[in-house]
Amino acid sequence: MAAAVVRGRPAGWWRWHRRVMVCSRTMASKTPVGFVGLGNMGSPMAKNLIKHGYPVIAYDVFPEACKEFQDLGAQVTESPADVAERADRIITMLPSSPHVTEVYTGANGILKKVKKGSLLIDSSTIDPAVSKELAKAVEKMGAVFMDAPVSGGFVAYNIFSTVHQKSVADAGISEETKHFLCYEQGVGAARAGNLTFMVGGVEQEFNAAKELLTCMGSNVVYCGEVGTGQAAKICNNMLLAISMIGTAEAMNLGIRLGLDPKLLAKILNMSSGRCWSSDTYNPVPGVMEGVPSANNYQGGFGTTLMAKDLGLAQISATNTKTPVPLGSQAHQIYRMMCAKGYALKDFSAVFQFLREEEAL
């Protein structure tokens, strides 16, 4: 009976109503977009929305992060709840699961003033189980939640690699700017609008989300129900960590056996051992230009962030009773690296970590 009639309306009314909501939201171009979390990733993402003509209603826990956005014409609010009151499309980009939970369900959270029919997109990298719980809470308020974590690109390193062929002076770029370009691959991609978004949620809402996400990314991939975007992100990063450790171990062993590192990398990359960590992001200094290993492991994807993502993978593996022995070992290695001074280094510094460990 409940499926057939909603407050006296005929069967099929809700499906029709949802289609109208989705269609109207997709066509509501250039209406205000809320953005919560103006950190290293959130700031350039929000700026790209502004560049595409969207009025942005912004909030960050640090007021100084909002100052630049006021100068760009964005409205700055006092809380996430205020953002929800003024915008029916909101993007959040926050550091961790507890931060996301607080922003959505806290005393001044989004759900305190969210409008029915609002579209809420979380681009943080968090536990998929948390995304699913938030989706349930959002649905109870008559709104829609989608998880859309991001993966960075290599814009910054491509620029650095080009500049690296000349002297800094000849290129007209200061030493400070050169290091800025190398700061972080994801941030570089965020600035350039070249992020990849992995989206989980109701499929009928995907186009509405994609309208916004394509302003900030070059690839927007629908993964399935809520939580699958997060799942894709943490599975990718677990594999990346494992392959980086394997590449570092193989390169280190080959060097100790007397092989020239560039020659060994060349052989690996024309053989079955080839992988992204060996042919695009090699962890051995001197093998490749334009990657963190060529710059004392500065910039790139930080060891702390890799340890965090591996921790999320471990939680998910435990929840699903999935054996991940290599993922578990990778997590322990990156945690040890953080404890031994590598926290702010790129995750490819695992090669340097292994070299130091062998000397003990």
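Analyst: W276, Y281, F301, Y334 and F347 form one aromatic cluster. Keep in mind that this is a predicted model.

User: How many aromatic pairs are there in the whole structure?

Analyst: A search of the whole structure turns up 7 aromatic pairs. One of them is W276 with Y281, and that pair is stacked. The centres are 4.7 Å apart, with 20° between the planes.

User: Why does W276 count as partly exposed?

Analyst: Its relative accessibility is 30%. Buried needs under 20% and exposed needs over 50%, so W276 falls in between.

User: And Y281, buried or exposed?

Analyst: Y281 is buried, because its relative accessibility is 1%.

User: What kind of pair do Y334 and F347 form?

Analyst: A tilted one. Centre to centre it spans 6.4 Å, and the planes are 45° apart. The pair links distant parts of the chain. Y334 is in helix α16, while F347 is in the loop between α16 and α17, 13 residues apart.

User: Are those two buried or exposed?

Analyst: Y334 is buried, and F347 is buried as well.

User: Let's stay with α16. Which of its residues are buried?

Analyst: Helix α16 covers residues 325-342. Its buried residues are G327, A330, H331, I333, Y334, M337 and Y342. Seen down the helix axis, they fall within an arc of 165°, so they line one face of α16.

User: Why would residues that are spaced out along a helix point the same way?

Analyst: An α-helix has 3.6 residues a turn, so residues three or four places apart point the same way.

User: What's on the face of α16 turned away from the buried side?

Analyst: That face carries the exposed residues P325 and A339.

User: And what covers the buried residues of α16?

Analyst: The cover includes α12 (228-256), α15 (303-319) and α17 (350-358).

User: New topic: the surface. Which residues make the nonpolar patch of about 230 Å²?

Analyst: L259, L263 and I267 make it. L263 lies in helix α13, residues 261-268. With a relative accessible area of 41%, L263 is partly exposed.

User: What share of the contacts with a separation of 6 or more comes from residues 24 or more positions apart?

Analyst: Those residues account for 69% of such contacts.

How values were computed: Residues are numbered from 1 along each chain as its sequence is written. This is a predicted model: local features need pLDDT of at least 70, side-chain atom pairs count only at pLDDT 80 or more; totals for chains, interfaces and linings use all residues. Side-chain values use heavy atoms; hydrogens and water are left out. Buried means under 20% relative accessible area, exposed over 50%, partly exposed in between (1.4 Å probe, protein chains only). Helices (H or I, at least four residues) and strands (E, at least two) are DSSP runs, numbered from the N terminus. The arc is that of the directions from the helix axis to the C-beta atoms. Contact means heavy atoms within 4.5 Å. Rings of Phe, Tyr and Trp (its six-membered ring) pair if their centres lie within 6.5 Å; planes under 30 degrees apart count as stacked, over 60 as edge-to-face and the rest as tilted. Patches are made of residues with over 30% relative accessible area and no salt bridge: like charges are joined within 9 Å, nonpolar side chains (Val, Leu, Ile, Met, Phe, Trp, Tyr) within 5 Å. Accessible areas come from the Shrake-Rupley method with a 1.4 Å probe; for residues, only the protein chains shown count as cover. A salt bridge is a side-chain nitrogen of Lys or Arg within 4 Å of a carboxyl oxygen of Asp or Glu.
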